[in-house]
Amino acid sequence: MTSIRWRRSAVSALLACAIVGPVAGCANPGPGAADAAAAAHDFVSAVAAKDGSAACALLSPDAAAALAEDQGTSCEQAVLAHEVAGRVSPAGPPTSDGEAKAFGRQAQVHLGGDVLFLAMSKRGWVVNAAGCTPRPHQPYDCAIEGS
């Protein structure tokens, strides 16, 4: 499934930057981390406000399509479905235990109990995965995930 490949590649990219960051030019937190945090905040705020259109506009095309397909409805309705919206934390500043981190064109943001993965696109930071919780020795389990 593409979501498993994405999680593995995203985790691999984040780990690679964490290990060889200074040599490879990755930063932690890197340039754009504040912008990634703002995009993540905007996304969870849109979900909290029950604005499916605004939330979907902040998703990557792959994440929006996968979410709609998984839920069998439009992205705008799927992102507000109880099983999805219930896993996306209420908007708030990044938590002290997990601030925004940018690694090149990828970012990870912790908001409350939620972890979001973002990617840089032509239009700025977009959410590739949200409603993610860590699992020991396994990829994150995400309510929304693209490739």
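The model is predicted, with local features requiring pLDDT of at least 70 and side-chain atom pairs counted only at pLDDT 80 or more, while totals for chains, interfaces and linings use all residues. Residues are numbered from 1 along each chain as its sequence is written, and side-chain values use heavy atoms, leaving out hydrogens and water.

A nonpolar core is taken as a set of buried Ala, Val, Leu, Ile, Met, Phe, Trp, Tyr and Cys residues joined through side-chain atoms within 4.5 Å; buried means under 20% relative accessible area, exposed over 50%, and partly exposed in between (1.4 Å probe, protein chains only). The largest such core has 31 residues, and Phe43, Leu59, Leu116, Leu118 and Ile144 have the most contacts inside it. Two or more residues of this core come from each of α2 (33–48), α3 (52–57), α4 (61–71), α5 (75–78), β2 (106–111), β3 (114–121) and β4 (124–135), where helices (H or I, at least four residues) and strands (E, at least two) are DSSP runs numbered from the N terminus. The most is given by α2, with nine residues. Another core, of six residues, lies apart from it and includes Phe117, Cys132, Tyr140 and Cys142.

Turning to α4, its buried residues are Ala63, Ala64, Leu67 and Ala68. They sit on the same side of α4 because they cover an arc of only 130 degrees around the axis, the arc being that of the directions from the helix axis to the C-beta atoms. On the other side of α4, Pro61, Glu69 and Asp70 are exposed. Just after α4, glycine 72 adopts a positive phi of about 70 degrees.
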